[in-house]
Amino acid sequence: MIKLAIIIALALALLVLVRRRLIYVDLTFPWFLALVVLGFASVFEEFVTTVAVVVGIYFEPLSVVFISMFILLAIITTVLISLTALRRRQIDLVRHLAASELAAQERDGDES
Amino acid sequence: MPSSTILLLDDGSTDGAISADTAATCLTIRLPSNYGIGVCTHVAFDHAIAHGYDYICRVDADGQHPIERLPEMLNMLAMDGVDLVVGARTLTDEFSYVDPILRRMVRAYFSICARLLTGNAALKDVNTGFFALTGEAADRLNRYQLERYPEPQLFVRAARMGLRMKLFSVERRDRLYGSSSLGLGSALKMIYRFNVLVLSEVMQRSDG
């Protein structure tokens, strides 16, 4: 029961951060998936055992670390993709602003 | 020189602003922070394409490039039916902080990879920032997202597009202003980027 309560508390904390606009909602999706997977692992211990057997981990609880590493990798990848998209949009904006400024300078030059 | 416009791009420099006298004689853009040569090249190409310029020349502002030879390069574009004229230096300062042998090896590596990638169509120097091209060539090259140090990417792309390129030998001069933005770290990143470019081009080729 306590495990489920912790997962729900973490999910609520995430919801609060989104509601306060501290985190963009699209970026929280990997966190949500991480909570689901880790919540599932904490409630159903057979899941951890199954993962350990499938992957060949001798000490079963270590499979939680294994799962967490994959989740972390997924989160980092998502953040990198978002950052790249943001960077691209920023560059587009800079190019657009520069084009407008140069067009204005050309106009001013023609008038004078 | 025929009728021309000078566009001066300040890529977020911290060592002084464009003077009012300079700003009165040419078009100027000061980027709010350092975005790299790729973005600067895009800004220049965007403007040239939008205003229908016939030719575009790219020159570094540190005095290394012999700008008095620009008319010859433009003449080659106009008379020889070439799309891109590349001002190849006999010696470059880009890797001046490392051993010259290493510098030559890196340049040779870039050149060999570029030639292998493009079926020998790439020119000998794929690192020079001194080049002139037609408006049409700029329009085609501008469709690709250019990297921080875009020269190898530009020349490899141009070769693979089938643009007609010609080498134009220029002498290397000492830098008159400023210092190279290329430190050891950024040089390593540049080599890394080039390798990624090579791999992505190879993958693109195998994708058909």
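How many residues does the largest nonpolar core have, and which of them have the most contacts inside it? In this predicted model, the largest nonpolar core has 44 residues, and those with the most contacts inside it are Ile56(B), Leu84(B), Val85(B), Ala132(B), Phe155(B) and Ala158(B).

**The nonpolar core**
- Helix H2(B) gives the most to this core, contributing seven residues.
- Phe155(B), one of the residues with the most contacts inside the core, touches Val86(B), Ala114(B), Ala122(B), Leu123(B) and Val126(B) once its neighbours within four places in sequence are left aside.
- As a general background, nonpolar side chains tend to be buried together in soluble globular proteins.

**Where chain B touches chain A**
- Eleven residues from chain B and nine residues from chain A take part in the contact.
- On the side of chain B that touches chain A, strand E2 (27-30) and helix H2 (37-50) of chain B each supply at least two residues, and the largest share, six residues, comes from H2(B).
- By type, the residues on this side of chain B are seven nonpolar, three polar and one charged.

**Two packed helices in chain A**
- Helix H1 (residues 2-19) and helix H2 (residues 29-43) of chain A pack with their axes 9 Å apart and at an angle of about 175°, which means that H1(A) is roughly antiparallel to H2(A).
- H1(A) contributes Lys3(A), Leu4(A), Ile7(A), Leu10(A), Ala11(A) and Leu14(A) to the contact, while H2(A) contributes Trp31(A), Leu35(A), Gly39(A), Ser42(A) and Val43(A).
- The residues of this contact of H1(A) with H2(A) comprise eight nonpolar, two polar and one charged.

Notes: Residues numbered from 1 in each chain as written. Chains lettered and ligands numbered in written order. Predicted model: local features only at pLDDT ≥ 70, side-chain atom pairs only at ≥ 80, totals over all residues. Contact = placed C-beta atoms within 7 Å. Helix = DSSP H or I, 4+ residues; strand = E, 2+ residues; numbered from the N terminus. Nonpolar A, V, L, I, M, F, W, Y, C, P; charged D, E, K, R; others polar. Core = buried A, V, L, I, M, F, W, Y, C linked by C-beta atoms within 7 Å. Buried ≥ 20, exposed ≤ 12 C-beta atoms within 10 Å, placed from the backbone. Axes fitted to C-alpha atoms, helices over the stretch in contact; angles between N-to-C directions. Parallel < 35°, antiparallel > 145°, perpendicular 65-115°, else oblique.
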